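Visitor: I am new to this structure and would like to be taken through it carefully, one question after another.
Guide: Gladly; let us begin with the model itself on view.

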Amino acid sequence: MEFVSPEGLRLDGRRPMEMRQLRAKIGAVDKAHGSAYFEMGNTKVIAAVYGPREVQNRSQQLNDQALVRCEYTMANFSTGDRRRKPKGDRRSTEISLVIRQTMEACIMTHLMPRSQIDIFVQVLQADGGTRSACINAATLALADAGIPMHDLVTSCSAGYLNSTPLLDLNYVEDSAGGPDVTVGILPKSTKVTLLQMDSKLPMDIFENVMQLATEGCKAVANYIREVLLEKTKERQKFHGV
Amino acid sequence: MAIAEPTNNSPSYIDKLVVPGDVVLDLSSMSNQTIKLGGGLRQDCDSITAMKAGMLRFSKPNKYWVESSQKRYVPSAGDAVLGIVVDTKAENFLIDIKGPALAYLPVLAFEGGTRRNIPKFEVGTLIYVRVVKANIGMNPDLSCMDASGKAAEFGPLKDGYMFETSTGLSRMLLSSPACPVLEALGKKLSFEIAVGLNGRVWVNAAAPSTVILVSNAIMNSETLTSVQQKLMVDKLLQRTQ
Amino acid sequence: MEQRLASTWRMSVNEKKFIESSLLSDLRADGRRPFDYRRLTIKFGREDGSSEVQLGNTHVMAFVTSQLVQPYRDRPNEGTLSFYTEFSPMADPSFEAGRPGEFAVELGRIIDRGLRESKAVDTESLCVISGKLVWAIRIDVHILDNGGNLVDAANIAALAALSTFRRPECTLGGEDGQELIVHPPEVRDPIPLIIHHLPVAVTFGFIGKESIMVIDPTHLEEAVMGGRMTVTLNTNGDVCAIQKAGGDGILQSVIMQCLRIASVKAGDISSKIKNAVESFNTERALRKIKRHSSSSAVEVSEPAQKGGTELSRTHVGRLNSTPEESGVGQSNGMEVDGKILQQETSRRDSGAQSFIGGPSSW
């Protein structure tokens, strides 16, 4: 199947190095201490953060840092066929672990010992790149909750089909069986914190694809910064000078 | 088994290996004597049986005990052990000494300790302490002073490297005359060492390579005779120089 | 809460600082250099498809079994490969019995991705009847002792077990040609799996603020490290899978450096696996020859038994070829002549044990 036409257009009309449309809204969940809604093309996710608050399970309390918990679920209606098990299957467990460890890298946990931070991410519509959208949404939600962080974490995916590196794969391109590289970076230092890859790729092509995904992450970072600055300005108007 | 000849057992088992169930003493043959039983022995009506596998020892005038080597430590009063701080409470520090329960170190149990100068130990500090009380069923009590109230080298240990061994090996390291491994190492290298009877050993030296050499040499010497130990140390030293 | 605190393994601040500072002089706590692997031993059980790997103090076992199942609807021509892990609490006090924890799921998925997505095992050859019956290969890995770096050890165990696994041969037979006959191993030799390449996992740990890389972290180093990355690659220069799930950030150049080092290590490990598998296969072949010589000695004493198994026929045929040299005419090795066999029987009983020696024993 052809994923890149001879003119260089992909199935949805994008160029190989073009990302999908990004949209973000902060404060989507009223009850949560911080929340955000993030869209990457047709992938829509919502993230809610609670904390820092008292540890619910005293035996898991850490005396020198905050306990970070994360739960990734996909809504039953998020994919084409109705999903019978939204959470608890192995893929969700792994992605929960991945998101938790990625966010732990940027949260300053030692400033909040003996407390707990919960991150809940739910995928409302899945069209490829759900992992990246979840991390971006979680970053916004954590910033909204005012939890101290070293840096933002942004994520984007890239692939390699028809001998072309493609940025931000959608579901059809993802399930084509080609390689799928998901990268999460800390934008200020461009250090890579999350890197996942499956399928086979020669090493030099992998470097190009990873580079492309990193550029995508930087673009997402710029967008997230803008959204955050706008929201903060809005809030300052009510509280401030 | 041993019931057939009760009276001949007492002299023949001293300094010999016993297994659980062996009757080592028959009290009906001794009268008007007080016998002190140490670890590993239990009284069963008129006979003393071994509870642990090990070597039966006797010290004048009347102490019997079984010496065995395990990975876990059974706290007993008067031992000097290495503990790790787990938590700080109002009255005590909670210390882990590799025993069945955590031990309490009162905050005032330091030389010249008053309410005003309570030391601050962070979680994970390594401390050289003395076991004061170790009753069955209660958490052991520790102290950073010796019996007369002096500090005598008890207290937190800075830098260096700690590793775990069996209780038998740590007893051998503390035996006098000096243990062959330590003697052979001490001839060529200079280092500081603290041995806890609970199977923890702390080594410190100027260069990390010395520390690594010493720790690996000690860990390897568990089952070697004194001649083999000297050879092993020589080989290790040759390889690094 | 105190009960739980008393039973977990604890680490002191001194150990953490020592590991970080000795790494600055390129030394690790057990005397290795940063890019050295621990000693690796690969052993096999008597059955095909079972392996036992010891990497330093880490001890794992892997078993491969196969079953005939219906294929997935969207892949009617391919067999399936599934990977399961068993984290027994005897390996580490922090493992809990029952449901696999997050770490067990992550390990299973890393190895699963490395094997399945990179098409290391040929799944199309596992198809028996398209759309109805395919072979499902199931790999079970049991962790016996956790000394650190379970991913690499489990991966090596799985690869070794897959390389020595043989599945029964099956043919379509019966009246309408649609019935499936699965031949037991005594009748027909089981067939090995077709493995295109060996995806080897190499795990890096990043310790300290400078994120110094170490390969094959021990249990102690795992507790101290700030980030971990597992790279799965094969000896053809392909990267099959990468897993770096959060943790400290590292630069892209460092990632490429890790990949280059990993490809060298992967080459070492693949050759070790291949050598171990080869020696196991030669042993297996030797064992088979010994076994068949004893079985054919029994058959030969009843030459009237017709419809004997193919195997005994071929072996008797081989035994019969030697009488040609001694001048006893025998046209077709396959046709068994009772009389000649009876002549040979007496010599056979003494010579059966030394059959491996071949014609020279006659």
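**Rings, confidence and backbone**

Visitor: How many aromatic pairs does the structure hold over all chains?
Guide: Rings of Phe, Tyr and Trp (its six-membered ring) are taken to pair if their centres lie within 6.5 Å, with planes under 30 degrees apart counted as stacked, over 60 as edge-to-face and the rest as tilted. Counted in this way over all chains, the aromatic pairs number 11.

Visitor: What should I know about the model before reading on?
Guide: This is a predicted model, in which local features need pLDDT of at least 70 and side-chain atom pairs count only at pLDDT 80 or more, while totals for chains, interfaces and linings use all residues. Residues are numbered from 1 along each chain as its sequence is written, chains are lettered from A and ligands numbered from 1 in the order in which they are written, and side-chain values use heavy atoms, with hydrogens and water left out. As for its scores, the model has ipTM 0.86 and pTM 0.81.

Visitor: Which parts of chain B does the pair of B:Y128 and B:F154 tie together?
Guide: The rings of B:Y128 and B:F154 are stacked, at 5.2 Å centre to centre and with 25° between the planes. Both B:Y128 and B:F154 are buried, where buried means under 20% relative accessible area, exposed over 50% and partly exposed in between, with a 1.4 Å probe and protein chains only. Helices (H or I, at least four residues) and strands (E, at least two) are DSSP runs, numbered from the N terminus. Because the two residues are 26 apart in sequence, the pair ties together strand β11 (residues 126-133) of chain B and the loop between β12 (141-143) and β13 (155-156) of chain B.

Visitor: Is B:E153 buried or exposed?
Guide: B:E153 is placed in the loop between β12 and β13 of chain B, and its phi is near 70°, a positive value in a residue other than glycine. Most residues other than glycine have a negative phi. With a relative accessibility of 72%, B:E153 counts as exposed.

Visitor: And is C:N149 buried or exposed?
Guide: C:N149 also has a positive phi, near 60°, and it is found in the loop between β6 (133-145) and α4 (150-164) of chain C. Its relative accessible area is 0%, so C:N149 is buried.

Visitor: Which residue does a cis peptide bond join to A:G51?
Guide: Most peptide bonds are trans. The bond in question is cis, with omega about -10°, and the proline that takes part in it lies in strand β3 (residues 43-54) of chain A. The residue joined to A:G51 is A:P52.

Visitor: Where does B:P61 lie?
Guide: A cis peptide bond joins B:K60 and B:P61, with omega about 0°. The place of B:P61 is the loop between β6 (54-59) and β7 (63-67) of chain B.

Visitor: Which element of chain C has the lowest mean pLDDT?
Guide: pLDDT is the predictor's confidence in each residue, from 0 to 100, and chain C averages 78, with 77% of the residues scoring at least 70. Over residues 297-362 of chain C, pLDDT stays under 50. Where pLDDT is low, the predicted coordinates should not be read in detail. Among the elements of chain C, strand β2 (residues 50-55) has the highest mean, 94, and the lowest, 39, belongs to helix α7 (residues 310-325) of chain C.

Methods. Contact means heavy atoms within 4.5 Å.
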